[in-house]
Amino acid sequence: MFTLPLGDHAQLRPLEPWQAPEFLAHIDRARASVDPWIPWATFSTDLDSATATLQRYADRLATDTGGICGIWLDGTLVGGVMFTRFDSASGVCEIGCWLESAGEGRGLVARACRSLIGWAFQERGMSRVEWWAAAGNTRSIEVARRLGMTRDGVLRQHSSYRGVRHDIEVWSVLSEEWPPLGEVPVSGVQAELDRLMDVFVGAFTNTGDRRPDLGVIRDVFVPQGRIIANVGDEPVIYDLDAFIEPRQKMLTDGTLTEFSEWEVAERTEIFGSIAHRFSEYRKSGFHNGKWFEGSGHKTTQFLRTPSGWKMSSLAWDDAPATVAE
């Protein structure tokens, strides 16, 4: 059985029917975030149904029409990627992904998807790789964008799930748009900046059993970095310690629970040894026991240093949050 390192103590390897108990335990942990978007998660509710799900993909692999791989982080299954369709005759395939909260904020899905896309083009000679996502699944759409895919269009009310018709966005990348073997579909610099932002955003997550670790912010910033909140009449400027300490407390003392934040769009410009990223983000969680949802924008500056790319400054501006009564 092959094992492909993804970095950050993560591995990509085949997910097979004999692993159904581990798969079911993982899906139970991931159900709240996966179930709304991936119908087979709805049907994998016990050992028999979980085995049947994996057997369907094993059958597709045997007939060269699909396949599924898991992502393991520190030895625990946290997500995966799959060919939902694979048609070697037409040269067109479709990939998909899923992830539980414990694997978020590390760029694992993007790295795993790049591996599958590269294999489809370079080893199997496919012409087109597609990505289908419900129009409301902003995280999935952001992955497609990061993979360098183009939005082809929207299939209006294409799919029915739990009695609701959903629009489906179709994204794709063509073989001639994919770089040669050994390169990534975006520049190496872009991929590294994506990773730094994933680490920064993921540091705040405390959903499920995940414990936030804002200390990693020191790893992605230069020591003299500044983080700026545009609130009130004038901005508040923090050094790293002043920013990290009160937020680590809020995220661990019960003030802010089930919190997560994620990018929904970004524009990155790279100029030699400096770079700038303008991001749109969303966030949600419980603040003092009340559910809230919010959004806003970030502007982030990066520098190339002797130890690699680092953030040098970040400023954000929140839109008014929606708080449940």
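Predicted model: local features only at pLDDT ≥ 70, side-chain atom pairs only at ≥ 80, totals over all residues.

Q: What makes cysteine 69 and cysteine 93 count as buried?
A: Buried means under 20% relative accessible area. Cysteine 69 has 11% relative accessibility and therefore counts as buried. Cysteine 93, at 0%, therefore counts as buried too.

Q: Why is threonine 300 called buried?
A: The relative accessible area of threonine 300 is 0%, and the cut-off for buried is under 20%. Threonine 300 lies in strand 13 (residues 290-305). Leaving out residues up to four places away in sequence, threonine 300 touches Met197, Ala275, His276, Arg277, Met311, Ser313 and Leu314.

Q: How do you know that helix 1 falls short of the span of a straight helix?
A: Helix 1 (residues 20-34) has 15 residues, and a straight helix would reach 21 Å at 1.5 Å a residue. The end C-alpha atoms of helix 1 are only 17 Å apart.

Q: Where does helix 1 bend, and by about how much?
A: Helix 1 bends at aspartate 28, by about 45°.

Q: Which residues of helix 1 are buried, and what covers them?
A: The buried residues are Ala20, Phe23, Leu24, His26, Ile27, Ala30, Arg31 and Val34. Their cover includes helix 2 (39-43), helix 3 (47-62), strand 4 (76-87) and strand 5 (92-99).

Q: What angle and axis distance describe the packing of helix 1 and helix 3?
A: Helix 1 and helix 3 pack at about 105°, and their axes are 9 Å apart. Angles of 65 to 115 degrees count as roughly perpendicular, so helix 1 is roughly perpendicular to helix 3. At this contact, Ala20, Pro21, Phe23 and Leu24 in helix 1 meet Leu47, Ala50, Thr51, Thr53 and Leu54 in helix 3.

Q: Which residues does glycine 153 touch, not counting residues up to four places away in sequence?
A: Glycine 153, found in strand 7 (residues 150-161), touches Ile168, Glu169 and Val170. Glycine 153 and glutamate 169 are 16 residues apart along the chain, while their C-alpha atoms are separated by 5.9 Å.

Terms used
Residues numbered from 1 in each chain as written. Heavy atoms only, no water. Buried < 20%, exposed > 50% of the residue type's maximum accessible area, 1.4 Å probe, protein only. Helix = DSSP H or I, 4+ residues; strand = E, 2+ residues; numbered from the N terminus. Contact = heavy atoms within 4.5 Å. Expected span 1.5 Å × (residues − 1). Bend = angle between axes of the 7 residues up to and from the residue. Axes fitted to C-alpha atoms, helices over the stretch in contact; angles between N-to-C directions. Parallel < 35°, antiparallel > 145°, perpendicular 65-115°, else oblique.
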